[in-house]
Amino acid sequence: MTLIQKHSTLYIPFILSLFFYTSCTEDASINPHIENVPVANCLLVNDSIQHLSLTRSGNIPNYKNFEKITDAQASLLENDSLVGNFTYKENDWQLKFTPRAGKHYSLKVVLSDHTVLTAQTTMPDMPPVSCLSPDTLPYRRYFLQTNHSCPLWAYVITGSTKLKTPANGRMVDELGSNHPDTDNFYEESDDMGEDYPGCASMVHDYYLRFASSERNETNFFIEAHYSSYSAVIFIAPSTEYDKYLKTSVSKMLVHDDDGDPESWFDETIVYSNINNGKGIFVAYNQIVFYRNGGEDEN
């Protein structure tokens, strides 16, 4: 099971919903009656089945009821060579194919009205992270990063029973790290140590982002409210996915409190790379470190 694969986890669909929502509000800020903009969302993952969502956006009153596009021709290309066509089934478009790291991919969607949607992305390598021996502190886990040429994202999930996939857990909303390249654009003013004894990092909401750098290797920890059944997930995103995640998280944090007047006037634009439409065509690789009953499993 993969991170955003396939719209069954608790966190990424929420962020995707922000994209749809902001598509509506962006259109509405120009003309409240604009709708029927084609929206394509496809995240290439290291799995045997790739998924594509095709819908049409609506205006603000109807933003929760998106019209699905079921009549189209959608194809995936690897380094300009066709690898297959998506087939519509089970409420989305699917293609049996496993992307390869370092390869360049293109998406082409031809709609029934002859509108052509296109986008490109590159499949990243596996996150260069390994899990080190457990720390004596219950709220801390140690890791080693051996390559810093690309940014990394991390988040933590916990559960009440043994975790089989990230989808079985609940996303932790407060976490911190001593990683020297931690991106603090969504850092809170609170210290992790205020609620979790022995912790020494600042609180971040839901995600940690480690920027790229010229470092050789880094030992670091991630602090969170771990349970006996928990997992730390690292994501190596394509350039496009990194931009999308950063703008999506920024949008999510602004709208976290609907009663905050700041959210009413928010003009944050969520990243899109679909030509002739809205949405994202991106790629990522991930690694999951489970702790089930106190034992670490890669």
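Is Phe143 buried or exposed? Phe143 is buried, because its relative accessible area is 0%, under the 20% cut-off for that class. Keep in mind that this is a predicted model.

Phe143 also has a ring partner. With Phe234, Phe143 forms an edge-to-face aromatic pair, the centres being 5.0 Å apart and the planes at 70 degrees. Where do the two sit? Phe143 belongs to strand β11, residues 140–145, and Phe234 to strand β19, residues 229–237, so the pair ties together parts that are 91 residues apart in sequence. Phe234 counts as buried too, at 0% relative accessibility.

The pair is part of a cluster: ring pairs link Phe143 and Phe234 with Phe210, Phe220 and Phe289.

Now the whole structure. How many aromatic pairs does a search find? The search gives 14 aromatic pairs. One of them is Tyr88 with Trp93, where the ring centres are 5.4 Å apart and the planes stand at 65 degrees, so this pair is edge-to-face; the cut-off for that label is over 60 degrees. As for accessibility, Trp93 is buried, with a relative accessible area of 4%, whereas Tyr88 has 28% relative accessibility and therefore counts as partly exposed.

What sits over the ring of Phe221? That is the charged end of Arg140, 3.9 Å from the ring centre.

How values were computed:
Residues numbered from 1 in each chain as written. Predicted model: local features only at pLDDT ≥ 70, side-chain atom pairs only at ≥ 80, totals over all residues. Heavy atoms only, no water. Phe/Tyr/Trp six-rings, centres within 6.5 Å; stacked < 30°, edge-to-face > 60°. Buried < 20%, exposed > 50% of the residue type's maximum accessible area, 1.4 Å probe, protein only. Helix = DSSP H or I, 4+ residues; strand = E, 2+ residues; numbered from the N terminus. Lys NZ or Arg CZ within 6 Å of the ring centre and 35° of its normal.
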